[in-house]
Every structure is written in C-alpha cells, then in structure tokens.
Amino acid sequence: MSSDQQYPYGQQQPYPEQQPYPEQQPYPHQQYQDPYQQPVYDSGATQTWEAETWDTQYQPVVHPAQPVQPAAPEAAYLPPQAAYPLPPEAPAPAPEPAAAYAPPAADGYSAPTTLGNARITDAQRARVEGRSPIIPPGMQPAGLTAALGMLFAVCAAVGPYALLVPLVLLQALTAAGWFRLNGMWPARQGIALAFAGGLAADAVLLSVGREHAPAAIIGTLGVWVLLTLVLQLRSHAGADERMYGLMATVASAALAILATGHLAAAEDAVVIGGIAVAVTVLARALPLPGVASVVLTLLASAGAGIAGGGLTGIGAEGALLGLVAGVCALVGLRVASYDYPSRFVHLTAGVALPLTAAAPAVYLIGRALV
C-alpha cells in the first residue's frame, strides 16, 4: 500500500507520539507571594491548558497576573501633610514637699497633719523647727477660770454645801483635762474613775468634818490608787499602755481629790484664794513680755489677797495667801500650756488646773491665818 492510499488527505503526518507533560515551571510573579494574600487568577486563561494543546494551530496566550506587592503601611495611603513644629512642652510641675508646715492660725493652733509621717506630733514638729511647744491658754480660758474663782468665793461665803457646786465642776474639768493633756483620749473609764475619786473625797470629808480633812483626803487617795492598780492589772493591753494608763489615772485622781482642799479650808481662805486666782489668770493673759507679765501677775495676786482680806476681816495678812495662791495658779497655767496643747485642753485643764493647784495653799495657809 502506497503512502497516498494510506493517507488519502495529502501530506498529513500521523499524530506524534504523546509525550508526557513537561514539568510546569513557576511563573515569575509566583517567585514571591505574600502568605496572607489571596491568589490572583486571570479570567482569560480559565479552563485552558498551560502546556501544548491538541490543536497545533491555536496556542492560547496566558496573560501573567500583575505582581503582588506587599501591603504598605497605612501611612503610605495618607495624603501628604505639611510639617508643623511641635508645640513646646509644658514644664513639669515641681514636686511638692512631703510634709509642708502650715503656719498657725490666728488663735495659735496649727492645721491638722494630713501629709508626711502621721506619727509626728505638733510638739515634735515645733521642737524640730525651733519653736516653743508652750502655748498659754489665752484670754478665753482665763475668763472662765476667773468666773469659776469668783463663784468659789461667793459659794464659800454661803456655806459648804453651796461650795459643792463649783467644786464638782472643777473636779470634772480636772479629770478630763489631765487625760487629754497626756494624749490619752478617749479614756472614759479613767476619767470616770478619777472623777469618782473626787466625789468620794467630798463625801468622806462632809461626813467626818473639817477637823479630819487630812485623813479623809489622804485615805481616799490611797484607796483610789489601790483601786486603779487593781483595774490596770486586769487590763489586757500591753505593758507600756498599762503603765501609761496607770500613771495618768493615778495623777488625775490625785488632782481631783486634791481639789477637795477647797472644801476643807476655812470659808474666808476660800474667798481670798478664789479672788486671787481670778486676778492672777487675767493678769497673766495680758499681752506683756515674759518677765514683766510674771512680776505684774504676782503683784496683782498679792493685791487681790489684800482686797480679799479686807472683805473677810483677815486684813493685810491676806496678801500672803493671795501671793501663794497666785504662784500655784501660775504653775497650773504652765502645766496646761505644755507640749503644744489643743483647744480642748485649754478649755478643761487650762481652766481647772490654776484653781486645783491652789487648793493646798488655800487649806494650809488659810488654816494658819484663820
């Protein structure tokens, strides 16, 4: 058979032997592809062979996809902005001191401590800054003391039972003021115990009479010291706190009981002592230099004693009683002024201590004069 018979349609060659598909080479745009970028497909090459086709006359052209560019930062898509200078930075505020000292107010009391070490007291701060921790009570407590002293003088002239009214008030102020002066507040049990000691001494003195006044006062004081000791031993507080409480309670009870000396003294002596203390505290509260104030106060107390002696019939000998009562009143004022006291201390201990401290002088010197 000839080739024309075998291939009647001309020079058509037999189909070439089918070769295996060549290994597909990666396109250039696939050399780098973002792993998070979705693959891009060309719609023109859909459902076509990327290798040789059966038809040798048509070979589709594969349009390569646009190369994938990595995502640029968001700032690259923002329109260009004009550069402006940054505003000047505000200066950082200077740190305030941890504990700034607040100047005392017009009445002489400083503001409460809210910064720094809360355990530092006003007295300690005053010592560190070179200021004196001694603050006199001032004119208002002096006026109250003078009124109470004059009430003593008037009630003593009436009788011993009338004298109980200002005496009980004096003992209450003494008990409360002494505890607060020692920084122990609230101390209701100690104040009540000390005040009860003063009332017990008054009752015992009225029951046994003035001739047994020393035994009544000293005996009551001994019983109250023993009672205070027993109560403190039963306390569950620490050793230091029990010791502070014991000393404060004993001292407060002793002062309250000591004030009973006004009830044990003669009526004329109580009148002179009350007038002298009233004049003394008023003179001491005047705004005078230290030495001049003390000298004027002592002269005023002696003059008040002479005036009281003229009212009671003792005469000029009352100057001695007035002078000693004035000295005791100054001691009481000094104690009430110590260690930067508060206004409550001035209105309790500052009022009561001058009269309480003068009680022994009124009793002893009054007994010698009358």
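Here are some notes on the predicted model above, point by point.

1. First, some housekeeping. This is a predicted model in which local features need pLDDT of at least 70 and side-chain atom pairs count only at pLDDT 80 or more, while totals for chains, interfaces and linings use all residues. Numbering starts from 1 along each chain as its sequence is written, and side-chain values use heavy atoms, leaving out hydrogens and water.

2. The overall picture: the chain has 12 helices and zero strands. Helices here are DSSP runs (H or I, at least four residues; strands would be E, at least two), numbered from the N terminus. Buried residues account for 34% of the 370 in the chain, where buried means under 20% relative accessible area, exposed over 50%, and partly exposed in between (1.4 Å probe, protein chains only). Of the contacts between residues at least 6 apart in sequence, 73% join residues at least 24 apart; a contact is heavy atoms within 4.5 Å.

3. Now the inside. The largest nonpolar core has 44 residues, and Phe152, Leu163, Leu167, Leu170, Val270 and Val277 have the most contacts inside it. A core here is a set of buried Ala, Val, Leu, Ile, Met, Phe, Trp, Tyr and Cys residues joined through side-chain atoms within 4.5 Å. Elements giving two or more residues to this core include α3 (139-158), α4 (160-181) and α12 (343-369). Helix α9 gives the most, with nine residues. Apart from this core lies another, of 13 residues, including Phe179 and Ile191.

4. His262 is worth a look. It sits in helix α8 and counts as buried because its relative accessibility is 3%. Beyond its neighbours within four places in sequence, His262 is in contact with Phe152, Leu163, Leu170, Val270, Leu355, Ala358, Ala359 and Val362. His262 and Val362 are 100 residues apart in sequence, yet their C-alphas are 6.8 Å apart. Leu163 touches His262 too, along with Phe152, Cys155, Ala156, Leu263 and Val270, again not counting residues up to four places away in sequence.

5. Helix α5 (residues 188-208) has 21 residues and reaches 30 Å from first C-alpha to last, close to the 30 Å expected; the expected span is 1.5 Å times one less than the number of residues. Its buried residues include Gly190, Ala194, Gly197, Gly198, Ala201 and Asp202, and their cover includes α4, α6, α7 (239-258) and α8. Just after α5, Gly209 takes a positive phi of about 95 degrees. Helix α7, with 20 residues, reaches 28 Å, close to the 28 Å expected. Gly245, Ala248, Thr249 and Ser252 are among its buried residues, and the buried residues of α7 pack against α4, α5, α6 and α8.

6. Gln232 lies in helix α6. Is it buried or exposed? Gln232 is buried, because its relative accessible area is 18%. Not counting residues up to four places away in sequence, Gln232 touches Arg242, Gly245, Leu246 and Thr249.

7. Finally, the surface. The accessible surface of the chain is about 23,400 Å², with 63% belonging to carbon and sulfur atoms; areas come from the Shrake-Rupley method with a 1.4 Å probe, and for residues only the protein chains shown count as cover. Leu282, in helix α9 (residues 267-284), is partly exposed because its relative accessible area is 35%.
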